[in-house]
Amino acid sequence: MRALLIKAITGWALMGGALLLLIVAASALNAAGFTANAVARMFGGTVSGLPGYEDAVTLFVGVAGLAMFPYAQLHRAHAAVDTFMQSAPDWANRAVFVTSSLLVAGVALAMGYMLTLGTLEVRADRVETTVLGWPVWVFMPFAVVSCILWAAAALLALKADDGA
């Protein structure tokens with residue numbers, strides 16, 4: 001089960017990375033469109049940017065950003081107070097690690113629960129993006145999955161620290 005969770009967390013982060021690459025490509029293409037428009041206007045023409053760019057980037061950034069959290073948690077790439085804890089005794093470091101891991105797992109699960117409620121509400125309200133008309137709720141379950149994997153990563157890291 002542990003190996004399956006680690007693969008899922010890693011795959012999820014890779015999906016988030018792929019989305020980030022898509023966002024960068026779309027941003028570069030949109031910027032090129034603005035540059036081409038500036039040149040075309042000098043000759044009386046126009047070149048439009050990507051229609052709905054802001055809508056798509058807003059939704060994809062939310063999915064991609066949160067997809068990285070479980071992987072970072074699993075590999076302890078999250079922020080830590082190393083300056084203060086490096087001179088603390090081992091038992092204090094362990095206590096802070098266990099407490100913070102449990103708190104992160106609890107917060108991630110609470111976020112996942114609230115996002116689930118939000119997804120149901122946004123779906124019931126039929127909220128769509130302004131330009132593209134995409135239903136917003138379709139993107140929200142990805143955030144719920146990210147939160148569940150984030151909590152699992154915090155607990156996996158805790159278990160790994162036990163030497164098991």
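A charge sits over a ring if NZ of Lys or CZ of Arg is within 6 Å of the ring centre and within 35 degrees of the ring normal. Arg 76 meets this description: it lies over the face of Phe 97, at 4.1 Å from the ring centre. A second case involves Arg 123, whose charged end sits over the ring of Trp 137, 4.7 Å from its centre.

**Model and confidence**

The model is predicted. The mean pLDDT of the protein chain is 91. Of its residues, 94% reach 70 or more. Confidence is highest in helix H1, at a mean of 95. It is lowest in helix H3 (residues 82-85), where the mean is 71.

| Helix | Residues | First to last C-alpha | Expected span |
|---|---|---|---|
| H1 | 41 residues | 61 Å | 60 Å at 1.5 Å a residue |
| H2 (residues 53-74) | 22 residues | 33 Å | 32 Å at 1.5 Å a residue |

For H1, the reach is close to the expected value.

H1 covers residues 2-42. Its buried residues are Ile 9, Trp 12, Ala 13, Gly 16, Leu 19, Ile 23, Asn 30, Gly 33, Asn 37 and Ala 40. An α-helix has 3.6 residues a turn, so residues three or four places apart point the same way.

Beyond its neighbours within four places in sequence, Gly 33 contacts Val 47 and Ser 48. Its C-alpha is separated by 20 Å from that of Phe 60, 27 residues apart along the chain.

**Backbone after the helices**

Positive phi values turn up at several places. Just after H1, Gly 44 has a phi of about 85°. Just after H2, Arg 76 has a positive phi of about 55°. This is the Arg 76 that lies over the face of Phe 97. Arg 126 also has a positive phi of about 55°, although it is not a glycine. Most residues other than glycine have a negative phi, and most peptide bonds are trans. Arg 126 is placed in the loop between H4 and H5. Its relative accessibility is 69%, so Arg 126 counts as exposed.

**Aromatic pairs**

The structure holds 5 aromatic pairs. One of them joins Phe 60 and Phe 139: the ring centres are 5.6 Å apart and the planes stand at 70°, so this pair is edge-to-face. The angle is enough because planes over 60 degrees apart count as edge-to-face. The pair links distant parts of the chain, 79 residues apart. Phe 60 is in helix H2, and Phe 139 is in the loop between H4 and helix H5 (140-161). Both Phe 60 and Phe 139 are buried.

Phe 69 and Trp 150 form another edge-to-face pair, at 4.8 Å centre to centre and 90° between the planes. Here too the partners come from distant parts of the chain, 81 residues apart: Phe 69 in helix H2, Trp 150 in helix H5. Phe 69 has 37% relative accessibility, so it counts as partly exposed. Trp 150 has a relative accessible area of 12% and is therefore buried.

Ring pairs also link Phe 60, Trp 134 and Phe 139 into a cluster.

**Nonpolar cores**

The largest nonpolar core has 13 residues. Leu 19, Phe 60, Val 136 and Phe 139 touch the most other members. The elements that give two or more residues to this core are H1 and H2. H2 supplies the largest share, 7 residues. Setting aside its neighbours within four places in sequence, Phe 139 is in contact with Leu 59, Phe 60, Val 63 and Trp 134.

Another core, of 7 residues, lies apart from the largest one. Among its members are Ile 9, Ala 67, Leu 74 and Ala 153. In soluble globular proteins, nonpolar side chains tend to be buried together.

**A serine in H4**

Ser 101 lies in helix H4 (residues 90-125). Its relative accessibility is 1%, so Ser 101 counts as buried.

Note on methods
Residues numbered from 1 in each chain as written. Predicted model: local features only at pLDDT ≥ 70, side-chain atom pairs only at ≥ 80, totals over all residues. Heavy atoms only, no water. Helix = DSSP H or I, 4+ residues; strand = E, 2+ residues; numbered from the N terminus. Buried < 20%, exposed > 50% of the residue type's maximum accessible area, 1.4 Å probe, protein only. Expected span 1.5 Å × (residues − 1). Phe/Tyr/Trp six-rings, centres within 6.5 Å; stacked < 30°, edge-to-face > 60°. Contact = heavy atoms within 4.5 Å. Core = buried A, V, L, I, M, F, W, Y, C linked by side-chain atoms within 4.5 Å. pLDDT = per-residue confidence, 0-100.
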